[in-house]
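Visitor: Could you take me through this model with a few questions about its backbone and its ligand site?

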Amino acid sequence: MSTDRSLRYNFFNLGLTRKAKLTIIYSFLLALLFILSYISPMDDKGVYVSIVIFLNLVGIAGFYLQFPLAGRFRFIALFNHTDWSIPQHKKMGYWIGAIFLLHPFLILAPKLGLSNSDAWLAIRTVTFAPEMLTGLIAWGLFIVWIGLSIFRRHIPIHYEIWRLWHSLGFIIISILATLHITSVGSHGQLQSPFNILFWLLCVISITGTVYNYLLKPRLLKQQPFEVKEIKKVSRNDWKLTLTSNAQPHFKFEAGQFVWLNSNPSPYNLDYHPFSIASTIRQLPDISFIIREWGDYTNQIGQLSIGQTVYVDGPFGQMSLKDSEGAKGIVLVAGGAGIAPMLSLLNQLADNQDPRPIRLLYGNTSLDQMVMQKEIKGLEQRMINFQQTLVCDQAPDNADVYLGVIDKFVLEKSLPESALQHWSAYLCGPEQMIDSVCKNLVTMKMSKRHIYFEQLAF
Ligand SMILES: Cc1cc2nc3c(=O)[nH]c(=O)nc-3n(C[C@H](O)[C@H](O)[C@H](O)COP(=O)(O)OP(=O)(O)OC[C@H]3O[C@@H](n4cnc5c(N)ncnc54)[C@H](O)[C@@H]3O)c2cc1C
């Protein structure tokens with residue numbers, strides 16, 4: 001993801017970035033809620049309560065938007081780039097979490113100005129009133145669920161199970177919070193059009209999640225792929241090729257990814273994201289480079305020829321269209337990050353692109369480098385393409401840089417003087433992307449021309 005990609009996508013033909021579109025939708029939602037709350041008849045509660053109400057609206061407007069941001073919706077352009085929207089979902093989650101955590105304290109804060117006994121009575125009345133129950137449960141669940149999200153990687157639970165509980169929990173929180181908003185406190189005094197709007201937002205956000213879990217698998221069942229080939233291509237990488245006659249309209253752009261499910265049922269939650277390593281010319285075949293990493297990928301070699309695989313996608317925003325005006329292109333791959341780079345590289349070869357193209361490919365050891373015969377073939381076939389291999393361990397005579405893809409390697413492999421007119425595509429672990437991104441910027445490449453995809457959400 002680049003910080004400012006997608007200028008080519010139109011939003012009422014204004015040429016706005018995805019971030020700008022999201023900000024506009026969010027601001028519109030917030031303004032609508034605020035105006036409705038402002039014009040609704042309510043006791044005059046003063047400046048402090050008005051500020052707290054506004055803050056609550058800031059939180060709840062963002063909360064409803066969290067559902068489509070985390071969903072896998074191919075038919076809504078703004079939300080079909082999960083690699084972009086999930087980081088936004090995470091970022092928004094932090095400040096929404098902070099607002100909801102503070103919510104009861106902000107409401108109770110003015111009571112602290114009363115005498116001890118009056119303050120305690122007021123706090124008890126507000127906290128333990130029966131109508132507060134929905135709000136209290138929503139608040140408690142919210143804190144626990146936010147904690148489970150922040151510390152997910154430290155909890156010994158499968159990602160798919162965590163994701164299901166994450167979705168179910170937030171659906172319950174959404175219903176309880178909406179019940180609370182439409183029945184209690186200052187907002188509870190608001191009239192039906194306002195309440196209808198809240199329920200509408202709640203239903204819309206939940207419907208998307210229900211669609212993903214219940215309806216989408218039915219659609220995928222009608223368009224299955226099957227395993228055409230599975231072979232080991234390095235010490236711990238596999239090349240998987242799928243094919244399908246049931247998907248004549250399946251299209252993708254080089255650089256995109258899909259979710260694969262190789263279980264007998266499409267309703268199984270075990271969908272994993274993998275970048276497509278082939279190009280559109282090879283359709284109906286699509287290939288992937290899959291690194292053994294955990295419980296699912298360690299078993300990938302056990303797939304059998306002809307076995308059904310469900311493919312949800314394509315998603316992702318890495319696209320060669322973004323670099324049409326660039327004078328040269330650098331592709332940087334770390335480990336399994338080679339997959340989308342192979343797709344981009346082969347697409348550039350198919351296009352007979354005359355620009356200088358450089359591939360920097362890093363791994364821990366030389367026996368993890370995949371598709372070397374094909375890549376060396378492209379070095380001969382393409383007009384101006386060179387590969388640089390980088391790894392920690394290699395025999396002395398190997399033609400590789402030892403170490404990682406650092407500034408030294410970048411300087412040796414790229415023409416620094418021309419980099420401001422080049423574009424870069426990066427895929428690999430987060431640490432590699434951060435460091436390569438920083439180094440390219442110090443070498444005068446514009447941040448806007450660096451597109452990347454991380455191999456984990
Ligand atoms: C956009 C994207 C593209 C990717 N492309 C490739 C690729 O081309 N080749 C490749 O080898 N790997 C790719 N990955 C990584 C790959 O998805 C994970 O390695 C794989 O899902 C790990 O599953 P596991 O059960 O084997 O390992 P686990 O040990 O269970 O998972 C390791 C980590 O992978 C992530 N993960 C696990 N399951 C899922 C899931 N169902 N959905 C989302 N994330 C999950 C979680 O962050 C988890 O902590 C990509 C990841 C992303 C986000």
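This is a predicted model: local features need pLDDT of at least 70, side-chain atom pairs count only at pLDDT 80 or more; totals for chains, interfaces and linings use all residues.

Visitor: Which are the edge strands of the open sheet?
Guide: The open sheet has 6 strands with parallel pairing, in the order S10-S9-S8-S7-S11-S12. An edge strand pairs on one side only, which here applies to strand S10 (401-402) and strand S12 (450-454).

Visitor: How many bridges join strand S7 to strand S11?
Guide: Strand S7 (residues 328-334) and strand S11 (residues 422-428) run parallel, and Val 332 stands opposite Leu 426 in S11. Helix H9 (residues 338-350) lies across S7 and S11, among other strands, at about 155 degrees to S7. The number of bridges joining S7 to S11 is 6.

Visitor: Is Met 371 buried or exposed?
Guide: Met 371, in the loop between S8 and helix H10 (372-381), has a positive phi of about 55 degrees although it is not a glycine. A residue with 20 or more other C-beta atoms within 10 Å is buried. Because Met 371 has 22 C-beta neighbours inside 10 Å, it counts as buried.

Visitor: Is Gln 352 buried or exposed?
Guide: Gln 352 lies in the loop between H9 and S8, and its phi is positive, at about 50 degrees, although it is not a glycine. Because Gln 352 has 9 other C-beta atoms within 10 Å, it is exposed.

Visitor: Which residues come nearest to the ligand?
Guide: By class, the shell around the ligand has 15 nonpolar, 4 polar and 6 charged residues. Of the 25 residues around the ligand, those that come nearest are Gly 294, Tyr 296, Thr 297, Ala 336 and Ala 339.

Key. Residues are numbered from 1 along each chain as its sequence is written. Two strands pair if DSSP finds at least two bridges between them. Helices (H or I, at least four residues) and strands (E, at least two) are DSSP runs, numbered from the N terminus. Two residues are in contact if their C-beta atoms, placed from the backbone, lie within 7 Å. Axes are lines fitted to C-alpha atoms, for helices over the stretch in contact, and angles run from 0 to 180 degrees between N-to-C directions. A residue is near a molecule or strand if its C-beta atom, placed from the backbone, lies within 6 Å of it. Ala, Val, Leu, Ile, Met, Phe, Trp, Tyr, Cys and Pro count as nonpolar, Asp, Glu, Lys and Arg as charged, and the others, Gly among them, as polar. A residue is buried if 20 or more other C-beta atoms lie within 10 Å of its own, exposed if 12 or fewer, and partly exposed in between; C-beta atoms are placed from the backbone.
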